[in-house]
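Please study the sequence and the model shown below. The paragraphs that follow lead through it step by step.

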Amino acid sequence: MIRIEEVTKRYPDGTVAVDRLCLEIPDRAITVLVGPSGCGKTTTLRMINRMVEPSEGAIYLDGADIRRRPVTALRRSMGYVIQNAGLFQHRTILDNIATVPRMLGWGKRRARERAAELMERVGLDASLAGRYPYQLSGGQQQRVGVARALAADPPVLLMDEPFSAVDPVVRKGLQDELLRIQDELGKTIVFVTHDIDEAIKLGTRVAVLRTGGRLAQFAPPAELLSDPADSFVEDFLGADRGIRRLSFFPSDGLELTTDPVVRAGATAERTGGFGAPYLLVTDAQGRPLGWSRPQDLAAGGADPGRLLPYGRPFVPGTDSLRAALDCAVLSPTGWAVAVDSGGRVTGVVSQQTIGEAIRGAHAGERAAGEVAR
Amino acid sequence: MNGALGGFFDIPSDLQHSYPGLIGLHLREALLPVLAGLLLALPLAQLCVRLRRLYPPVLAVTTVLYAIPSLAFFVVLIDYTGQTELRVMIPLAVYSLVVLVPAIVDGVRSVPEETLAAATAMGFGPVRRYLQVQLPIAVPAIVAGLRVATVSSISLVSVGALIGNQGALGNLLAAAQKYDRPVLAVNSVLTTAVLAILCDALLVLARVLLTPWMPAAGRRRPRQAAGPEPARPREATR
Ligand SMILES: Nc1ncnc2c1ncn2[C@@H]1O[C@H](COP(=O)(O)OP(=O)(O)OP(=O)(O)O)[C@@H](O)[C@H]1O
Ligand SMILES: [Mg+2]
């Protein structure tokens, strides 16, 4: 565990970058530092590997003051990933990744084998090994940066806005990859970002800092969304935190109905008589094709060209209530389509039903909160 | 050997050197100072990089030194060095130093901030970081400086002819006048030019061999550019 105790950083010009910060960073979890520009995130991160020395207070790693260890040894036990990757432009991808193992005295061969293994782990094609950084895309460079930080298998990973210089699609890929790698490796990660959505997606716990380097709130993301400590945190979370909070409620409790679901080519009597304004037509395998009015279906059969789109279906159990609500809102009929992992329809659910589930989830959480208190 | 180039390689004996001998002498008088300049410039530049306040005065002093005409320099030094090769080589070394210090400083400073931060964070000490990260990345800038220093040094050696036959190939100019053989002057100018071009080409070759990591000129990609992923495999541009 990393414990930051009453740490203040005053730069020589008098700027107070971090003000009496206390944080307990749990092992094998992702702790995110988030806050507006200039609030001291980078400074905090760099005090952990002693690239910046605190003016007051102390930082402990597994109970021992980090100043008691030689600084280079400390740094080599902590991977560091930054924006734009900071790769060594004069070394090949493989040699970039092998840097720390080589410094730790590993043989050339072993270090390169390790580097090749890491390239695979972060999703880089082995054919890139002999290239130089300028021959890679920004997203690929960022992956190399992550692989390089992981090379000597350090228990701690410090990441300073590692994904902020890539476009949103690449960023999402990198975030998913980080979560997958974290599932496998269980590092203690301190992750700096100014993007609250990234913080909520990645963080096991999120520390919100305010300008002047003071801690505003330190909580799991769901708690941040449900109980922001003050108006600063609330503003920082943005307008739609109610909706975003739904990401933390599972969708598997939703009551699905299969009544309005019909196969293409079903007989007329099968298509009528449910009283539903729309029917969901599926193909022979049960995959959704689109919505149709019962009378249209009776008249013209399931002509795919005349069906209404069904939006993006959700997978109960895997997706959250937010995804389910999104499906229902996007669907022209106001009904969300649930599918199994194979894409076959398991049922449909209306906006009203989802709304009831949301109220139920909130009530359940409040009750759990009372019990906990 | 009696055509238009009659006596082209026929060096008067008072120069005390054969034609290849003159070339060897010229190269030595031109290149040793560049080497000395480089060896002095490396630590001086490193000092300027580390102590930022040192750089402006160093730059001022070197610029003033550069402004001293070479001939005046040669004449002043006679009191200290006598009639030796050193008298030519010391000013040339100073000129090389003057060209190389800013070249190295700019090269080392051009290393991106993130690269330095990454190196520090990985546990590079200052010396290792300088030798393994900053200096290799500064190689293109250093070689650019070396090219200027080398070419000007090769041409400036000839000025030594004016101060008592220390000009190597430049001495042929004086001989051309003395013996009324213009062809010797042509020889001097051509050979000096060819030497300069060859040395320059060798330096370019060395740069290409030392920096396989450089994007080919004109196709430099901004390093922070983020392409959509998966990116198309980008072919090496060399
Ligand atoms: N070396 C320095 N000397 C003086 N002031 C500094 C120095 N480094 C940072 N600061 C100041 O300290 C404050 C915090 O800087 P820091 O880089 O930690 O912010 P940050 O939260 O990482 O911001 P960003 O999101 O823009 O990266 C800022 O006001 C900054 O100007
Ligand atoms: Mg920062």
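Which side chain meets that of A:Lys172 in a salt bridge? The partner is A:Asp176, with a distance of 3.0 Å from N to O. A salt bridge is here a side-chain nitrogen of Lys or Arg within 4 Å of a carboxyl oxygen of Asp or Glu. Because A:Lys172 and A:Asp176 are four residues apart in helix α7 (residues 168–185) of chain A, about one helical turn separates them. Helices (H or I, at least four residues) and strands (E, at least two) are DSSP runs, numbered from the N terminus. Side chains of opposite charge can pair when their charged atoms come close. Over all chains, a search of the whole structure finds 25 salt bridges.

Some conventions are needed at this point. The model is predicted, so that local features need pLDDT of at least 70 and side-chain atom pairs count only at pLDDT 80 or more, while totals for chains, interfaces and linings use all residues. Residues are numbered from 1 along each chain as its sequence is written, chains are lettered from A and ligands numbered from 1 in the order in which they are written, and side-chain values use heavy atoms, with hydrogens and water left out.

The next topic is ligand 1. Among the residues that surround ligand 1 are A:Tyr11, A:Asp13, A:Lys41 and A:Glu161; a residue is near a molecule if one of its heavy atoms lies within 4 Å of it. Helix α1 (residues 41–48) of chain A gives the most to this shell, with three residues. The shell divides into three nonpolar, six polar and three charged residues, where Ala, Val, Leu, Ile, Met, Phe, Trp, Tyr, Cys and Pro count as nonpolar, Asp, Glu, Lys and Arg as charged, and the others, Gly among them, as polar. An oxygen atom of ligand 1 is 3.2 Å from a polar backbone atom of A:Cys39, and an oxygen atom of ligand 1 is 3.0 Å from a polar backbone atom of A:Gly40.

The last topic is the interface of chain A and chain B. Here 36 residues of chain A are in contact (heavy atoms within 4.5 Å) with 34 residues of chain B. The area buried between the two chains is about 3100 Å², of which carbon and sulfur atoms give 55%; buried area is the accessible area (1.4 Å probe) that two parts lose on being put together, summed over both. In chain A, A:Gln89, A:His90 and A:Tyr134 lose the most area to chain B, together 24% of what that side buries. Across this interface the rule finds zero salt bridges.

Definitions and conventions
Polar contact = N/O pair within 3.5 Å; in protein donor to acceptor, adjacent residues only side chain to side chain.
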